Each structure stands twice: as C-alpha cells, then as structure tokens.
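Here's a quick briefing to read alongside the model. Grab your viewer and follow along.

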Amino acid sequence: MTTVTSPLTGRAVGLANVPDPVFSGAMVGPGTAIDPVREPTTAVAPVDGLVVSMHPHAFVVMDADGRGVLTHLGIDTVQLNGEGFELLVSKGDQVKRGQPVVRWNPAEVEAKGKSPISPIVALEASAEALSAVAETGEVASGGELFTWN
C-alpha cells in the first residue's frame with residue numbers, strides 16, 4: 001500500500017474537474033488534482049522514491065514498489081517551455097516525501113492564460129486500486145490525497 005500526499009497546498013478538485021480531457025478522462029491514470037494557492041510555491045515529492053521523469057512542468061516519482069506518481073503542474077504548461085519553473089532535483093535523484101522538487105508560481109501560470117490546476121496521478125493503475133481519494137476540500141502540502149492499494 002502506498003500513501004500519496006499532496007505536492008501542493010490548495011483545494012482538491014478531483015480529476016473529473018480538470019480542464020483537460022486526457023486528465024479528466026483518467027487516460028493517464030486515476031488520481032485527483034489540486035487547484036493551488038495563487039502565490040510563489042514549491043511542489044514537493046508525493047512519495048519517497050526515484051525521480052524517473054523530470055520536466056519543468058511535470059515530474060514522476062517511482063516508489064520502492066515500482067508505483068509511479070505523476071505530478072503535472074498546471075494544464076498546457078508544457079507550452080511555457082520551462083519559463084517560470086525552477087527545477088530543484090534531477091532525473092535519477094532519490095527523493096523523500098515532502099522534499100522540494102520544483103519552484104513555480106501558479107498566479108504567473110494563470111496570468112499567461114494557462115490553468116494552474118495540477119493533476120496528481122497514479123500511473124498504470126486502475127481506478128479500483130485507489131481509495132480515500134481527496135476530491136474536495138482544502139489540502140495542505142503533505143496532506144493525504146489517496147491510498148494506492
């Protein structure tokens with residue numbers, strides 16, 4: 001069992017409410033999303049593990065059981081070409097839950113016409129594999145988002 005915690009402080013919105021059909025349709029995998037506070041912030045690792053993918057706008061941490069958790073900072077933020085994102089770790093680094101990974105400003109992303117809503121997804125999982133998924137309410141960075149059974 002893997003507990004996945006929030007990489008951001010904000011409001012849980014659930015994947016169905018993400019303004020992107022790939023995420024809202026859970027095509028990437030099940031999970032939830034955070035509508036982050038609109039201030040400079042740091043996204044942190046949602047699990048202990050290995051950073052297996054690292055882009056300015058998105059990262060994947062794989063835990064010891066081989067479960068990959070994608071954190072995607074905003075929607076269509078790949079179009080910003082890294083502008084406004086500061087990487088604090090690299091692909092191949094071991095990270096601990098809560099460790100800073102990317103510094104960014106959701107308000108700046110929104111000002112550039114992109115949604116700052118950030119999906120947190122269990123890659124290659126079935127919806128039935130997740131329980132206690134946070135889909136509403138305020139969530140602090142490090143707060144529980146879901147359990148991967």
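The side chains of Asp 35 and Arg 38 are joined by a polar contact of 2.7 Å; a polar contact is a pair of N or O atoms within 3.5 Å, where within protein one must be able to donate a hydrogen and the other to accept it, and residues adjacent in sequence count only if both atoms are side-chain atoms. Bear in mind that this is a predicted model: local features need pLDDT of at least 70, side-chain atom pairs count only at pLDDT 80 or more, and totals for chains, interfaces and linings use all residues. Residues are numbered from 1 along each chain as its sequence is written, and side-chain values use heavy atoms, with hydrogens and water left out.

**Two aspartates**

- Asp 35 sits in strand S3 (residues 31-36); strands (E, at least two residues) are DSSP runs, numbered from the N terminus, as are helices (H or I, at least four).
- With a relative accessible area of 14%, Asp 35 is buried (under 20%; exposed is over 50%, partly exposed in between, with a 1.4 Å probe and protein chains only).
- Asp 63 belongs to the loop between strand S6 (58-62) and S7.
- Asp 63 is buried too, yet has no salt bridge (a side-chain nitrogen of Lys or Arg within 4 Å of a carboxyl oxygen of Asp or Glu).
- The nearest side chain of opposite charge to Asp 63 is Arg 67, 5.3 Å away; Lys and Arg count as positive and Asp and Glu as negative, while His and the chain ends are not counted.
- What Asp 63 does have is a 2.7 Å polar contact with the side chain of Thr 2, and its side chain also reaches the backbone nitrogen of Arg 67 at 2.9 Å.

**The aromatic pair**

- Searching the whole structure turns up 1 aromatic pair (rings of Phe, Tyr and Trp, using its six-membered ring, with centres within 6.5 Å).
- Phe 85 and Trp 104 have ring centres 5.8 Å apart and planes at 10°, so they're stacked (under 30 degrees; over 60 is edge-to-face, the rest tilted).
- Phe 85 is in the loop between strand S7 (68-72) and strand S8 (86-87) and Trp 104 is in strand S10 (residues 100-104), so the pair ties together parts 19 residues apart in sequence.
- Both Phe 85 and Trp 104 are buried.

- An open sheet of 3 strands runs in the order S1-S14-S12, with antiparallel pairing (strands pair if DSSP finds at least two bridges between them).
- Its edge strands, S1 (2-5) and S12 (130-131), each pair on one side only.
- S1 and strand S14 (residues 144-148) are joined by 4 bridges, and Val 4 stands opposite Phe 146 in S14.
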